[in-house]
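User: I would like to learn how to read a structure feature by feature. Please take me through one, with the cut-offs as they come up.

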Amino acid sequence: QVQLVESGGGLVQPGGSLTLSCAASGSIARFNTMGWYRQAPGKQRELVAAISNSGRLDYAGSVKGRFTISRDNAKNTMYLQMNSLKPEDTAVYYCNVLSSRGPYYYTTRDWGQGTQVTVSS
């Protein structure tokens, strides 16, 4: 199974920016859809953004206009550019391969370690 490793998290002030990376141990071109999730303390894991090989992009309403998901199949890496960060964006961010059923995304794969993003002054 292709392993995914998240990186790029850190401490940033409100209004700041971070770019997360998801590096794969093998080819990601065969994965039609990939995405970023996040989990804040005491909350359920939620899907933040998804990207398909067709170019389709989907974002959670809370991050639309501030976050940008992208992927580079040649580098086997997916990214999440996060701008105008807010304290409520504080969470552990995870990447994964997605499946879809109708308008819904889900994953059947294991989770990695994630990368911590903390937005605080």
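User: Is cysteine 95 buried or exposed?

Analyst: Start with the ground rules. This is a predicted model, where local features need pLDDT of at least 70, side-chain atom pairs count only at pLDDT 80 or more, and totals for chains, interfaces and linings use all residues. Residues are numbered from 1 along each chain as its sequence is written, and side-chain values use heavy atoms, with hydrogens and water left out. Now the terms: buried means under 20% relative accessible area, exposed over 50%, and partly exposed in between, with a 1.4 Å probe and protein chains only. Cysteine 95 has a relative accessible area of 2%, so cysteine 95 is buried. Cysteine 22 is buried too, at 2%.

User: How many disulfides are there?

Analyst: A disulfide is a pair of cysteine sulfur atoms within 2.5 Å. That rule gives one disulfide. Cysteine 22 and cysteine 95 form it, with their sulfur atoms 2.1 Å apart. The pair links distant parts of the chain: cysteine 22 sits in strand 3 (residues 18-24) and cysteine 95 in strand 9 (residues 91-101), 73 residues apart. Strands here are DSSP runs of E, at least two residues long, and are numbered from the N terminus.

User: Why is the disulfide of cysteine 22 and cysteine 95 right-handed?

Analyst: Look at the torsion about the S-S bond. For cysteine 22 and cysteine 95 it is about 70°, so the disulfide is right-handed.

User: What is the strand order in the open sheet of four strands?

Analyst: Pairing comes before order. Two strands pair if DSSP finds at least two bridges between them. The open sheet has the order 1-3-8-7, with antiparallel pairing. Strand 1 (4-7) and strand 7 (67-72) stand at the edges; each has a single partner strand, so one side of each is left without a neighbour in the sheet. The twist averages 15° from one strand to the next. Angles of this kind run from 0 to 180 degrees between N-to-C directions, with axes as lines fitted to C-alpha atoms.

User: Over how many bridges do strand 7 and strand 8 pair?

Analyst: Strand 7 and strand 8 (residues 77-82) pair in the antiparallel sense over six bridges. Isoleucine 69 stands opposite leucine 80 in strand 8. Threonine 68 stands opposite glutamine 81 in strand 8. The two strands form a hairpin with four residues between them. Asparagine 76 in the turn has a positive phi of about 55°, although asparagine 76 is not a glycine.

User: Where is serine 84?

Analyst: Serine 84 is in the loop between strand 8 and strand 9. Its phi is positive, about 50°, although serine 84 is not a glycine. At 41% relative accessibility, serine 84 counts as partly exposed.

User: What volume does the largest pocket have?

Analyst: Rolling a probe the size of a water molecule over the atoms shows where empty space is left. On a 1 Å grid over the protein atoms alone, using a 1.4 Å probe, a pocket is an open set of points with protein on both sides within 12 Å along at least five of seven lines; lining residues have an atom within 4 Å of a point. The largest pocket has a volume of about 180 Å³, a volume being the space filled by probe spheres set on the points. Of the 14 lining residues, Gln3, Leu4, Asp110, Trp111 and Gly112 are the closest to its centre.

User: Which strand gives the most to that lining?

Analyst: Strand 1 gives the most, with three residues.
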